[in-house]
Amino acid sequence: MPSFKRSFNKTALALATSLAASFTLSTAQAAEVEVLHWWTSGGEARAANVLKELMEAEGYGWEDFAVAGGGGETAMTVLKSRAMSGNPPSAAQIKGPEIQEWGELGLLGELDEVAEAEGWDELLPPTVAEIMRHDGSYVAVPVNVHRVNWLWANPEVLEAAGVEMPTTLDELFTAGEAIREAGYIPLAHGGQAWQDATVFETVLLATGGTEFYQQTMVELDEEALGSEQMIEALETFKRLRELMDDDMSGRDWNIATSMVINGDAGMQLMGDWAKGEFTAAGLTAGEDYLCAAAPGTQDAFTFNIDSLAMFRVEGEEREAQHALARLVLEPTFQEAFNLAKGSIPARPDLDMGEFDQCAQRSMEDFQRTADEGGLVPSMAHGMAVRADVQGAIFDVVTNYFNSRDMAAEEAARRMVNAAQAAL
Ligand code: BGC
């Protein structure tokens, strides 16, 4: 019965094809997470890739939602429009008080089951855990702890200029002059609002100390914001322009780091994501490049904790999202990611043997300042105040830094206004 045979064959073929199709479909449709972040420089991308590979090794798909732009301002704008259209990613790099803002909108999903199974309460320092919770539930997971108040330097340039790593702001200015005379750019900088603010908060910490930093950048105390001490911090900050080059406008932070790497510039004031660039270039801390607490801030630690906040998602995506959250706090990820990223692990119980001297120093200083005082949240990196206040402070800082005629007194007055608008 050829016709039966033919039709049987046809049915078998159709079945086989549909089985094959559903097989490819099911592999292609492995539960997937979409992760928004702004880790796009050489060192950052290497770090982000660690998470992608760990997820893929567990059979999950990774959809990369990378939005370039240091400090993450553009990424946050893109995230808002995605969330407003009702289609947020599974996870996004959201930090500090902004986690609370997203939580209040009811858009974040809780991770308590994972947190409990993995013992996050015992693993995380209470300061870190608190930032990750909204309404008592974990809604975010920390990937690292970055220190913002660092100075990076090229030892060959310092040697050519006959100077040592500066430990005070006065020494920084003196070393800078010598570096310029030796024919190099003293301080590599990128003229972008968040980079200006990064340098500003470090100078404020150096000139005013941690208590003044706390009053101005965290508590937004109007008297402190308008004080003589603030005026002095602003003036010192502006003097740093003398150590920068004329082409800094709009330059990305990692290009500034590469100027130190290449020996065009002597130093850079930047958080330790800069170390990710030195590492990606194959350089060794203490030999090919130097790190030290930013001049005048040895007793302080400005922290910036990167974290992935989880959006409310359903079904398979939620399962993948929970796997992501679990992986992030596991030792394998914490070590590999932070070695590439330049930061230290978010959990203090890990062996730091594989880390370089800058990271070991960072871990010690983090714990010491947490115990003895001196640990402060970074305003420039979204750890201290709400995003709208941060934006208003950025405007004042960057306008003042770039203005030819705005006096420091006027900038201090504008700081007070920025704080008043926030209340
Ligand atoms: C983030 C870092 C990032 C840096 C430069 C900071 O705000 O916390 O993870 O490397 O910006 O983009």
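This is a predicted model: local features need pLDDT of at least 70, side-chain atom pairs count only at pLDDT 80 or more; totals for chains, interfaces and linings use all residues.
Which residue of β13 is the bridge partner of valine 141? In β13, valine 141 is partnered by leucine 308.

Strand β13 covers residues 307–310, and both of its faces are covered. Ser307 and Ala309 are buried on one side, while Leu308 and Met310 are buried on the other.

Two strands pair with β13. One of them is β6 (residues 140–142), which pairs with β13 in the antiparallel sense over three bridges. This is the pairing in which valine 141 meets leucine 308. Strand β3 (residues 91–93) also pairs with β13 in the antiparallel sense, over three bridges. Here glutamine 93 has leucine 308 as its bridge partner in β13.

## Strand β10, enclosed by the rest

Next comes strand β10, residues 265–269. Five of its five residues are buried, so β10 is largely enclosed by the rest of the structure. The word "buried" is used for a relative accessible area under 20%.

In which sense do strand β8 and β10 pair, and over how many bridges? Strand β8 (residues 150–153) and β10 are antiparallel, with three bridges between them. Strand β9 (residues 185–187) runs parallel to β10, and two bridges join them. Methionine 267 in β10 is a handy landmark: alanine 153 stands opposite methionine 267, and leucine 187 stands opposite methionine 267 as well.

## Aromatic rings and charges

There are 11 aromatic pairs in the structure. One of them is formed by phenylalanine 278 and tyrosine 289, whose rings are stacked, with 4.2 Å from centre to centre and 10 degrees between the planes. Phenylalanine 278 belongs to helix α14 (residues 274–280), whereas tyrosine 289 is in the loop between α14 and β11 (290–293), so this pair ties together parts that are 11 residues apart in sequence. Phenylalanine 278 and tyrosine 289 are both buried.

The two rings also belong to a cluster: Trp150, Trp152, Phe278 and Tyr289 form one aromatic cluster. A second example involves tyrosine 400, where the charged end of lysine 238 sits over the ring at 4.7 Å from its centre.

## Around the ligand

How many residues surround the ligand? There are 14, and the closest are Glu44, Lys95, Asp306, Lys341 and His381.

Glutamate 44 has a polar side-chain atom 2.4 Å from an oxygen atom of the ligand. For tryptophan 38, a polar side-chain atom lies 3.3 Å from an oxygen atom of the ligand. Glycine 71 takes part through its backbone: one of its polar backbone atoms is 3.1 Å from an oxygen atom of the ligand.

Is histidine 134 buried or exposed? Its relative accessibility is 15%, so histidine 134 counts as buried, because buried means under 20%. Histidine 134 is part of strand β4 (residues 133–134). Its side chain reaches the backbone oxygen of glycine 103 at 3.4 Å. Apart from neighbours within four places in sequence, histidine 134 is in contact with Gln100, Gly103, Glu104 and Val139.

Alanine 233, in helix α12 (residues 228–239), is buried with a relative accessible area of 0%. Leaving out neighbours within four places in sequence, alanine 233 contacts Val203, Leu204 and Thr207. Alanine 233 and threonine 207 are 26 residues apart in sequence, and their C-alpha atoms are 6.0 Å apart in space.

Glycine 374 sits in the loop between α17 (357–372) and β14 (375–377), and its relative accessible area of 10% makes it buried. Not counting residues up to four places away in sequence, glycine 374 touches Thr210, Asp299, Ala300, Phe301 and Thr369. The C-alpha atoms of glycine 374 and glutamine 214 are separated by 9.6 Å, although these residues are 160 residues apart along the chain.

Technical notes. Residues are numbered from 1 along each chain as its sequence is written. Side-chain values use heavy atoms; hydrogens and water are left out. Helices (H or I, at least four residues) and strands (E, at least two) are DSSP runs, numbered from the N terminus. Buried means under 20% relative accessible area, exposed over 50%, partly exposed in between (1.4 Å probe, protein chains only). A polar contact is a pair of N or O atoms within 3.5 Å; within protein, one must be able to donate a hydrogen and the other to accept it, and residues adjacent in sequence count only if both atoms are side-chain atoms. Contact means heavy atoms within 4.5 Å. Rings of Phe, Tyr and Trp (its six-membered ring) pair if their centres lie within 6.5 Å; planes under 30 degrees apart count as stacked, over 60 as edge-to-face and the rest as tilted. A charge sits over a ring if NZ of Lys or CZ of Arg is within 6 Å of the ring centre and within 35 degrees of the ring normal. Two strands pair if DSSP finds at least two bridges between them. A residue is near a molecule or strand if one of its heavy atoms lies within 4 Å of it.
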